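Q: I am new to this structure and would like to learn how to read it. Could we go through it together, one feature at a time?

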Amino acid sequence: MMSETAFPVASLDPKLQRVERYWRSLIRGANDMPFWDDFAPSALSGEDVMLLNVFDKPLRFRFDSVVSPAIEARYGQAVRDRFSDEVKSSTPFELLNEQAASAVETGKPTLHHERSYRRLLLPMWGDGRVSMLLGAFSWS
């Protein structure tokens with residue numbers, strides 16, 4: 001079972017809440033989202049997070065070098081520096097491209113949930129557009 005949830009979500013589980021709170025703490029002034037270069041991976045050490053680079057024309061997503069080992073272990077192979085459309089759509093990446101496109105288009109966080117996990121994508125600004133997505137996972 002899959003569903004997308006509009007944001008804000010009142011009852012994110014504690015792991016996703018920590019990541020979402022950190023993301024909000026990076027927002028400057030009246031901006032809607034933080035700048036990606038304010039993100040410090042060390043601030044979320046121990047969390048199951050990843051970064052997705054956003055390319056436009058055509059819209060594509062590439063896994064950055066920041067991908068938690070637990071995420072790759074659940075997938076079964078390394079995904080760093082690969083485009084998401086080149087990665088098989090299986091746990092934990094079901095409907096990843098669709099969710100990422102939604103986060104880019106709306107400029108708002110998106111939450112995807114399956115039976116075995118939840119995935120939160122948080123947009124970050126750079127180069128005059130959403131240029132990075134911070135992803136976080138919690139496992140059932």
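A: Gladly! Let us begin with a term: buried means under 20% relative accessible area, exposed means over 50%, and partly exposed lies in between, using a 1.4 Å probe and protein chains only. By that rule, Phe93 and Phe137 are both buried. Please keep in mind that this is a predicted model, where local features need pLDDT of at least 70, side-chain atom pairs count only at pLDDT 80 or more, and totals for chains, interfaces and linings use all residues. Residues are numbered from 1 along each chain as its sequence is written, and side-chain values use heavy atoms, leaving out hydrogens and water.

Q: Which residues touch the most other members of the largest nonpolar core?

A: In soluble globular proteins, nonpolar side chains tend to be buried together. A nonpolar core is a set of buried Ala, Val, Leu, Ile, Met, Phe, Trp, Tyr and Cys residues joined through side-chain atoms within 4.5 Å. Here the largest one has 39 residues, and Phe39, Met50, Phe63, Phe93, Leu133 and Leu134 touch the most other members. Elements giving two or more residues include α1 (14-25), β2 (49-55) and β6 (129-139). The largest contribution, seven residues, comes from β6. Such helices (H or I, at least four residues) and strands (E, at least two) are DSSP runs, numbered from the N terminus.

Q: What is Met50 in contact with, beyond its neighbours within four places in sequence?

A: Contact means heavy atoms within 4.5 Å. For Met50, the partners include Phe63, Phe93, Leu133, Leu134 and Phe137.

Q: How many aromatic pairs does the structure hold?

A: Rings of Phe, Tyr and Trp (its six-membered ring) pair if their centres lie within 6.5 Å; planes under 30 degrees apart count as stacked, over 60 as edge-to-face and the rest as tilted. This structure holds eight such pairs. In one of them, the ring centres of Phe63 and Phe93 are 5.1 Å apart with planes at 55 degrees, so the pair is tilted. Phe63 is in strand β3 and Phe93 in the loop between α2 and α3, so parts 30 residues apart in sequence are tied together. Phe63 counts as buried at 0% relative accessibility, and Phe93 has a relative accessible area of 4%.

Q: How are the rings of Phe93 and Phe137 arranged?

A: Their centres are 6.4 Å apart and their planes at 80 degrees, so this pair is edge-to-face. Phe63, Tyr75, Phe93, Tyr117, Phe137 and Trp139 form one aromatic cluster.
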